[in-house]
Amino acid sequence: MHTTRRLFQDTIKKIERWETFKTALFKENPILLLLLGIWPVVALTKTAKEALIFASITLLLLFFSNFFVSLFFRGVPYQRRTCVFLFLIAVEVTLLDYFLRLHYPTFRESLGIFLLLLVMNEVILSRTQTFAVRNNLILSCLDALGAGFGYVWGMMLVGCIREILGNGTIFGQIVFGKEFHKSPMLACNLSGFAFILLGFLIGFFRMINKREKRV
Amino acid sequence: MKTNLFFIFFSGLVLNNIILMQGLLPTSFLGMSAKTKRAVNLGIVAIVLMLLVTILTWLLYHFVLVSLHLEFLVLISSVIIIILLTQFLGGEIIKQFLGKWRSELPLFTLNCALLAVPLLNLQHQYNLGESIVHTLGISFGYWGALVLTATLRQRLNLSPVAKMLQGYPIVLITLGILSLVFSSIAQMLKMVW
């Protein structure tokens, strides 16, 4: 009796963990369904490589902020959460900045001030405020990974489409042949096209999500 | 590189408009631009906040952090200044400027445009006067983008929109078309200068 009960609880725990990860990845995708962290998707997705770099940095920051918040900062009162967590994220970004300056100085210079601006990415703060404060360590780490990978694929989608249409390449490899590569759609390199593309993508994924709920 | 004050102001206003050209769109912008009157007043709040953040960060950086060799604290100190201004400041001085709109200050806590202003000024190595002029340009650009989006959204409420795009998607598409217009204007001005 005891063993079956324990088995049942273990399976429930596993299902809960998997559901947390999957919900953060698809049903509550930070960009396409919750509309959090729009500015990196618009400003930093000229090429797929740039999008991948900034999205993975966001994933790293998200994981470490969720980790530290659920480990040490669960007792912070409700009114002071924003200030404390924002300060924590700023400390993390400063540490990352000086780590990169020490070991990869040319790579750090190519990122510019946008690395510092990632402090104001809404995804990180909202995940810590809504999830990591209330849940235990493993669940909040899984949630961070899910939301981070959701952010990565959302940002990579926009970056790939923009690079294919605007430059004819993907990760530097020519896709549509040399004719298109010589005369691409230059408007896709402007940030205006990113706004329009993001609007259509958000509309499309919201429609799919609503249809799933109805079924 | 031209460094006269008019060019700095104009580059902040149109050529490098912080929302429409650089794409630094905070999520709270979508909520702010729902109604025209609220958008106008919140734009004025943003102008005051950006000026205060610029002046305080410039003074702190050049008089405290550089002299103590603590340049690595620039990000943390500017974030702390933003937190202090938006979360804890509702006093008499702010009341003179903003009136009842000071209760909307916490909306600006998580605003990437607000953090970008002092960092951009430090990146260009402006002195105090130049950075104030640059900030004025950027903040009037923010105000203009906010008011333009709000007026267009009021108009969109009356027009038929496809069901897939209702809500925020059509707002983002409107912003995109505005941004394309701004970039073509910027190209024309670059050809003139």
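1. Helices α1 (residues 2–27) and α8 (residues 137–167) of chain A pack with their axes 7 Å apart and at an angle of about 30°; axes are lines fitted to C-alpha atoms over the stretch in contact, and angles run from 0 to 180 degrees between N-to-C directions. α1(A) is therefore roughly parallel to α8(A), the term for angles under 35 degrees. The crossing of α1(A) with α8(A) is right-handed, that is, the near helix is turned clockwise from the far one by less than a right angle.

2. This is a predicted model, in which local features need pLDDT of at least 70 and side-chain atom pairs count only at pLDDT 80 or more, while totals for chains, interfaces and linings use all residues. Residues are numbered from 1 along each chain as its sequence is written, and chains are lettered from A in the order in which they are written.

3. On α1(A), the contact residues include A:R17, A:F21 and A:L25; on α8(A), they include A:L142, A:D143 and A:F149. Contact requires C-beta atoms, placed from the backbone, within 7 Å. By class, the contact of α1(A) with α8(A) comprises 9 nonpolar, 3 polar and 3 charged residues; Ala, Val, Leu, Ile, Met, Phe, Trp, Tyr, Cys and Pro count as nonpolar, Asp, Glu, Lys and Arg as charged, and the others, Gly among them, as polar.

4. Between the chains, 36 residues of chain B are in contact with 36 residues of chain A. α8(B) gives the most to the side of chain B that touches chain A, with 11 residues. That side has 26 nonpolar, 10 polar and no charged residues.

Notes
Two residues are in contact if their C-beta atoms, placed from the backbone, lie within 7 Å. Helices (H or I, at least four residues) and strands (E, at least two) are DSSP runs, numbered from the N terminus. Angles under 35 degrees count as roughly parallel, over 145 as roughly antiparallel, 65 to 115 as roughly perpendicular and the rest as oblique.
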